[in-house]
Amino acid sequence: MMLFVFGNIILLFLIADHLLNKKIAFISSFMLAITTVFFFNGFKILSGIPSSFFVLLSIYFYLSGYHPLIIGIVTSMAFITRFPSGLLIIALFLVILFD
C-alpha cells in the first residue's frame, strides 16, 4: 500500500509540473507527503489510496497524450477499486469527446 502512497506523491508532482511549474509541484507534493491522514492510511488496507493513484495516473496519461484506450483501462481500474471514481470515466470521456 505504501507504493501507492509514494506513487500518488510522484504523480501529483508530475501533474503539477506539467500544468504549473516545478516550485508549485514541489510544494504541493510536499504538502501531500506531510499530511498525516494520507500517510497513515497508506499502512491500512483501504480502497481510497489505490483509487486516488489510478485517478492521478489516468489524468497524467491524458495530459501526456497517451492513447484513449490506455486512459480508459487505467480509469476503469480506479472505478474497480472505488465506485465514486466512476465519475472520472464520464468526465474524461466528455473531455476526450470535445477535445
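Asp 17 and Lys 22 are joined by a salt bridge, with 3.2 Å between the closest N and O atoms; the term denotes a side-chain nitrogen of Lys or Arg within 4 Å of a carboxyl oxygen of Asp or Glu. The model is predicted, so local features need pLDDT of at least 70 and side-chain atom pairs count only at pLDDT 80 or more, while totals for chains, interfaces and linings use all residues. Residues are numbered from 1 along each chain as its sequence is written, and side-chain values use heavy atoms, with hydrogens and water left out.

Side chains of opposite charge can pair when their charged atoms come close. By the rule stated above, the count comes to one salt bridge.

The helices discussed next are DSSP runs (H or I, at least four residues; strands are E, at least two), numbered from the N terminus. Helix H1 covers residues 2-19 and helix H2 residues 22-33; their axes come within 8 Å and cross at roughly 155°. Axes here are lines fitted to C-alpha atoms, for helices over the stretch in contact, and angles run from 0 to 180 degrees between N-to-C directions. The crossing of H1 past H2 is right-handed, meaning that the near helix is turned clockwise from the far one by less than a right angle.

Ala 25 belongs to helix H2. The C-alpha atoms of Ala 25 and Leu 11 are 9.9 Å apart in space, with a separation of 14 residues in sequence.

The table lists relative accessible areas; buried means under 20%, exposed over 50%, and partly exposed in between (1.4 Å probe, protein chains only).

| Residue | Relative accessible area | Class |
|---|---|---|
| Asp 17 | 24% | partly exposed |
| Lys 22 | 54% | exposed |
| Ala 25 | 0% | buried |
| Ile 70 | 36% | partly exposed |
| Leu 94 | 40% | partly exposed |

Ile 70 is found in helix H5, residues 68-81. From Ile 70 to Ile 89 the C-alpha distance is 12 Å, and the two are 19 residues apart in sequence.

Leu 94 lies in helix H6, residues 86-98. Together with Leu 87, Ile 90, Phe 93, Leu 97 and Phe 98, Leu 94 forms a nonpolar surface patch with about 700 Å² of accessible area. Such areas come from the Shrake-Rupley method with a 1.4 Å probe, and for residues only the protein chains shown count as cover. Patches are made of residues with over 30% relative accessible area and no salt bridge; like charges are joined within 9 Å, and nonpolar side chains (Val, Leu, Ile, Met, Phe, Trp, Tyr) within 5 Å.
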